[in-house]
Amino acid sequence: MNNNGNISRSVLICQGTSCSSQKSKKIREAFECGILEAGITDTKVDFTGCQGFCALGPVVIIEPEGILYTRVTVEYVPEIIRSHLQEGRPVSALFYTDPESGEAVPYYKNIGKYKKQHRLIMRNCGHINPEKIADYEAVGGYKSLKKIISHMSPQQVVDEIRCSGLRGRGGGGFPIAQKWDLCRATTADSKYVICNADEGDPGAFMDRNILEGDPHSLLEGLIIAGYAAGASKGFIYLRSDYKLAVKRIKLAIEAAKKQGYLGENIFGSGFSFDVSIRTGVGAYVCGEETALIATIEGKRGTPHPRPPYPAERGLWGQPTVINNVKTLANIPLVISQGADSYAKIGTVNNSGTAVLALSGKIVNGGIIEVPMGTTLREIIFDIGGGIPNGRRFKAVQIGGPSEACLPAGLLNTPVDFDSLAKVGASLGSGGIVVMDEDTCIVDIARYFLSFTQLESCGKCTPCRLGTKRMLDILERICNGKGKMSDLDLLLKLAKTVKEGSLCGLGQSAPNTVLTTLRYFKKEYEEHILRHHCRAAVCRGMVKAPCIHTCPAEIDVPRYIRSIQKGQPGEALAIVREKIPFPAVCGLVCFHPCESRCRRAQLDEAVSIRELKRYAVEYGNDIWKSRTKKALPSGKRVAVIGSGPAGLTAAYYLARSGHSVTVYESQPLAGGMLRMAIPDYRLPKDILDADIDEIISAGVTIKTNTEIYNVESLFEQGFNAVFVAIGAQNDLKIGISGEDDHRFIDRLAFLKEVNSGKKFSPGDRVGVIGGGHAAVDVARTSRRLGAGEVTIIYRRSREDMPAGLEEIEKALAEGINILEMTMPVQAVNGEDGVTLECIRMQKGDIDSSGRYRSVPMEGSEFSIELDSVIASVGQRLHIPDRFGLDTADDGFIGVDNFTLATDKPGVYAGGDAVLGPSSVIEAISQGRQAAKSIDIYLGGSGIIDETLAIPEDIDFLEDPSELPRQVSPVLPASERIKSFSQVELGYDREIAEEEARRCLRCDLE
Amino acid sequence: MSKVNLTVDGRKITAEAGMSVLEAALQNGIYIPYLCHSANLKPHGGCRLCIVEIEGMEGLPTSCTAVISEGMVVKTATPDVNEVRHNIMQLLLADHPLDCLTCVKNQNCELQKAAAYLGIKERIFDHNDRNFPVDDSNPFFTINRNYCILCQKCVRVCDEITCVNAIEVINRGYESAIGTFGNKPIMESNCQSCGECVVHCPTAALTIKKTEVPAYEVETTCPYCGVGCSMYLGIKNNKIVSVRGSNTDVNNGKLCVKGRFGIADYVHSPERLKTPLIKEDGKFRKASWDEALSLITAKLSSYPKEQVGVISSSRCTNEDNYVAQKFCRLVLGTNNVDHCARLCHAPTVAGLAQTFGSGAMTNSIEDMAETDCFFVIGSNTTEAHPVIGMNVKQAVRKGAKLIVADPREIDMVQFADIWLQQYPGTDVALLMGMAKIIIDEKLHNSDFINKRCENAEAFLESLKDYDIDFVERVTGVPREKIRAAAHMYAAGNPSSILYTLGITEHSHGTDNVIAIANLAMITGNIGKRGSGVNPLRGQNNVQGACDMGALPNVYVGYQSSTSPETKKKFEAVWGGNLSVARGLRTQEMFDGACDGTFKALYLIGENSVLSQPNSNHVIKALSALDFLVVQDIFLTETAQLADVILPASSFAEKDGTFTNTERRFQRVRKAIEPIGESLADWEITCEIAKRMGGKGFDYKHPSEIMDEIAYLAECYGGINYARLESGGLQWPCPASDHPGTPILHTTQFACRKGKLLPLKYRPSEELPDDDYPLLLTTGRRLFHYHTGTMTRKTEGLNIFMGRERVQINPLDAEKLGIGDSDVIKVSSRRGEVQAGVEVTRVVPPGVVFMSFHFAESPTNMITSCAMDPVTQTPEYKVCAVKIEKVIVN
């Protein structure tokens, strides 16, 4: 240890703020003691600034091997010393694990996150001891300063910077040389240079990294700036809460003074330069240069109008150059490697790198540095590792709280000053906040505006009052009280604030609102028109996320509480207040409610659907005694189609006193519920029971009756018509050879099977598609005796629209899934079909936040099949004579919120409008149609019923900590033998136990 | 100034380089709406209403901050500008009450004006009630932040103009509001209640409590201190209902708390004297003018001329004073005329006459903006001359250096680069010590000394007495500080000395003044802008009263009363016999009264009982008089002793002129009819004169008196009322085409060469000892004036300070066991007074401070009767006292 000459290895312990807070100091001590005890003499132990793996800390790097250990604790230190340092066997248990491949990655340079980076400004961070000037000098530090002082005139320095094309990293991207030149050209008693290290953006901490990890690089840059601009005094302005940074900068200044890099007559050149630290207390606006200058002068930190620019009249009225930390850290580099070579990094007119702080819903958060021009997609997905927990990407905010939110469609935007400006964004601070589908875009706009409003200095009217009014409107919208005219008002205000405000804070404050209105307007409209927050976060309209996500708005927490109280009858009544298909939903609902269940943030979602089924199975008919039927209205309504949409509408319209007739072309009512869902998921007697209740509410169903003409219904005396005919025609795959008889029509197949006909699709069945229907077809085929059933899907398994539970059951039943595969053509032979396929790979992200999949060249292969069933989507089969407008995609066009067609009195809903969708969405459409038609016929439009007794909420025992209760299922081997119901349902004990898991968000 | 051509909305206009686009447009009659702009303040760019489009500039720059340039093309009302401007106004209106009709600022509101210009007809945002509590704590104005539009003019005024910084912006974002440090009521802040913020407020956020819209306004001159601020009195139904500053070189619209809020209440006080009063059997009864004047005529005619005299008044007009001394000299036949300059700046007149040849402020208030280094000694400028105080602070804010020499830590100290805390009464040592350093270290201006001064050798020789050890010991100021101050003053280019009574009211007051003059001469700080020796005169017309010859030794224009030639000149004009016998000074008259050699006194507008030192002696003297006439506006403590009291009109009820500290004649204009039967002082004096057979007292209007003054004194020869209509004139102004003299001694001194004079340091007469261990020094307080006859009539001023509170250092207070709530007895060898206590570090240990504003605590009962031997100016600034706690039952 004492003999420095023999040191060949370093143990570098990260002592950035994040790792420090996790006891990196103790780890260092343990290494020092351990190495001493072990008698190792060729290894030094030192700490460094942030190594950039904050989420994995504390981290330790062993050089020269370049091995990275993550989540190191004191307990592991003896093992590392023994195994790695003494025996040469690195400790694999502490390696980084690649989240995709699951493989351990020993070398930090091979970590995916590192690969696409170009560490220029942060070249030394994590590799040198920031408190030792010798470390910095050893990697070439202060050579640039020596070079310019001895060989270059200030003008030459400015020219060199100009040639490098370096632009300010503070956000605006102003050419540095121009700023310096302006200051240099003035005559004044004194001039100043200021390093703006007032990093105040939420989610931005890269300046801090440099301040803490490589303070000398910025100090050297500052001195060079002073030399070039003709200043003799410099200030570093940073936040007082950056305690470690303040300490290290102080140490750096002291050390630089000792070495003669700072002070009077530096290297005998006649150039004198002194640096002082000023700390601010965290007002965001003090990052604005004129406000920052005001605070150094001891005044309230408010900006003043430019011109005059600080370079002409700045601190104490003297010419002042003010540059950001990252800008200054670049300077020594430009000088040392030369302008030409620097200019080659990045893109034209945007030279160098961008240092970015990734945060939000991203796997690898932390600081990264990439060449200018790297796309957002590369940054978020290749380096950042994408979105955690299988969620989808929704938006990315870049540059700070007052900057743009960009949608998936703009992920290919290169990150550089000019490209971002084109899409209404700005590099700003370099903070990148990633948002997934659980983020409400209106709420995000509200949140960031509340930040800028709070941080507005109050000096200028538009920023002080305009942001407040904008915030009021956003709060109104988030509370479900918005009006459509508010959106115009928002735009008007945004323009006023943007164009009218004094400084950058106000001028950029509306950007989040403007870009979200531009790219996510639909979500605003949902909030305003439907009081719906698709992410279920807006507290004003979201009572509980489950209620809010349920298309029928079933009061989930309340029925769960009834179950918990041992009152399944009340629970059923509560469910029935919103839907006439409780039994069906209890079995087959795709339960979007569970996807937003807050319990999932602790362990797993409450099994809401299963509890509904329990309520249906164990609940009594008490609800019936509480139903009320309105007096006859004398109005008649025709409903075309007896699927869930049609029957729901019929049920509520009948309850509202109208005379309702449902027309069904098939022999039995139920639509897709009957035709498409196999018995093992939905036994027909259960369906019949729900339909019977609908009939007993007074609905007349005329089966085997096809309607060809809406007008004729009016002629028959109907006052209104609801078209709910579903989407009956299957789409083709779109490959050659699919006209063969072994390509089976999915609906016809299911229809036949469900009508009880025996049908054999053969032994080797291929199912194309990834939705519920595809899985149903596959599992049905298996039950029909197919030995080898393969689902072929072009995206990944995680992206399959079919629920995970269904997929797992299918796998258990021996069904294969060929993911990332697309059929190209079919060759129909004697013995079957040769389906030629190609492997797919991940491409861009589409507007829904999913990867596009693109064919992988040369990966063609084929599989042999006896039959192929395509389940790739449905089309509407609509008799022309209905005379209704259809939208571009072929479905009926309606007013999104009332479901009215352009024909008076005619409404449409369900799959015929939505395209293939879920049972609960169809029910929701039926409810909406009933409301709209009731209003059309002169009613109130209120269809909700009160079927349960008012709840007594003194019942508040703490939620259970047990895991999610699994419903018993038939063993897979049994399942494939018949069409018996697979899930067996909860018994009372399990149900009540599961109900106790509910967190009762609605009572918060 | 060079001119710049630009185009605004297609119109070609020309304006001075350096102007903002807004100023240039407004000057050329193009209105751009604005709310935060003020010609008196730095550009702010906050309200954003004055945005425009400028070719070649990005976005919508504010015209108040954009500086004009040649060929600039400005568009003030493009659709973009209009839209943003409109919305900004809507934002303001959303938070603003819409009770215009009942608002005090109705039709006088800049928000209203701008909204009307923008054609706002309805609000697009829901109205938001801010519900700020109203701050009603200040007696003069109300802060109602519900009307505030946060233009920050008040904040900026309080920073840039008054440099008090009582109002700040508190909080951030939407919660931003004007407030005070700690957001306490304004009365608990350091606000000095000058009201500048109220004047600048564009809305009703800051409003004066007692104010009405006047029927008309009359421009006149403030009756308080020697600054001589111009002001408009707003009149309605013969009452003063508003006061506002006028925009002149003197005060640029500024006023202090007394001027702005302390006038109407005393002018309209029910205590005003409304009829003559005659004392019978020790009691006053109302009398008719005829009766009173007859009595006076008879009495005054009955004494030998050397046994009668006149004391005139620094608060009366020049014309009043001229007539008073003319009456005394011509009708009474004696030079026994004096006035209260004797008590204050007589050493200035004497000291500067010896050194420069003329005893007045050498420079102007306006040129202080160019001073590089101020040396403020013996002047509590911010309290005694608040508006000049503001100017000095502004200059310091802009980079001027400031040296303050004062035993107390006065307000100015916090703005000072160097504070010299000398022991009271050691100024000669301090100033001569500085002079020695300047000479020794070759910081002097030898060119100036050689060319413009004389007697240098004797002076330089005398400096050897002031070696730094001696100076440090005598003054108690560390030598480094003295040296630093000497360097700073000598380096100032230019430097200016401001002083007041802390210099003159000493037993060596004239020496102090000479020491100051010496300092200015050796550094050449005389005769140029921003430099000079600048005694700040105390009362509104103390300069004028001296100028008018209300002094025993000189006629108007400082023409010697003992000179036969002058006698001849005046006899020719006045038409009567004049005396060349030396007249009595005030003190001599009082002494004579006690001796029985002085019998009758006509005392105009002076409250000697409270203002003279050693009041017991004054009361004794006045009581001993055979006949005392007091002419005043109130029944003062002095008037109580009179045989006849004559009701005079206040400044608001008469025409005339005041001469302010910088020698500027300014008009006083009659704004209301006289209260009761009161008459202007000159009218009363003329009436007495005429009844006593005096000729030449038939003036119909004060302008005729001014014409006579101009005729008789060369230095005022060019001054007449017609010229004064267009602003004040600074004497010397010898001819009607002479512009007046802002700076004295520019090319040569009044006495040709400046005379450097050697000085001997003499300690004050009465210093603390075992019996009287504390040193009492006296002075003024911001909220009151003189003996309080005027300011004590304003309730609000009494709320700020309603009784005497002796300033005492905490160490002394602790020793004596007294605190802020106690009553104490302060006694000297001459008497005792009771007063309250203010424990404060403003005074050093061993020193106590009192004002002389309160009749209840007549400080001058105890002050010393030591006097400056040259001028008989009393040593108010130093005497020995002791303090005891009074047990109040």
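## Salt bridges and polar contacts between the chains

Three salt bridges (a side-chain nitrogen of Lys or Arg within 4 Å of a carboxyl oxygen of Asp or Glu) are found across the interface of chain B and chain A. In one salt bridge, the side chain of D95(B) meets that of R469(A), at 2.6 Å from N to O. Polar contacts (N or O atoms within 3.5 Å, one able to donate a hydrogen and the other to accept it; residues adjacent in sequence count only if both atoms are side-chain atoms) join 14 residue pairs between chain B and chain A, both residues at pLDDT 80 or more.

This is a predicted model, in which local features need pLDDT of at least 70 and side-chain atom pairs count only at pLDDT 80 or more, whereas totals for chains, interfaces and linings use all residues. Residues are numbered from 1 along each chain as its sequence is written, chains are lettered from A in the order in which they are written, and side-chain values use heavy atoms, without hydrogens and water.

## Extent of the interface

Chain B contributes 32 residues and chain A 31 residues to the contact, defined by heavy atoms within 4.5 Å. Together the chains bury about 2,600 Å², of which 57% lies on carbon and sulfur atoms; buried area is the accessible area (1.4 Å probe) lost on being put together, summed over both parts. L91(B), R172(B) and Y174(B) supply 26% of the area that chain B buries against chain A, more than any other three residues.

Key: Buried area = accessible area lost by both parts, 1.4 Å probe.
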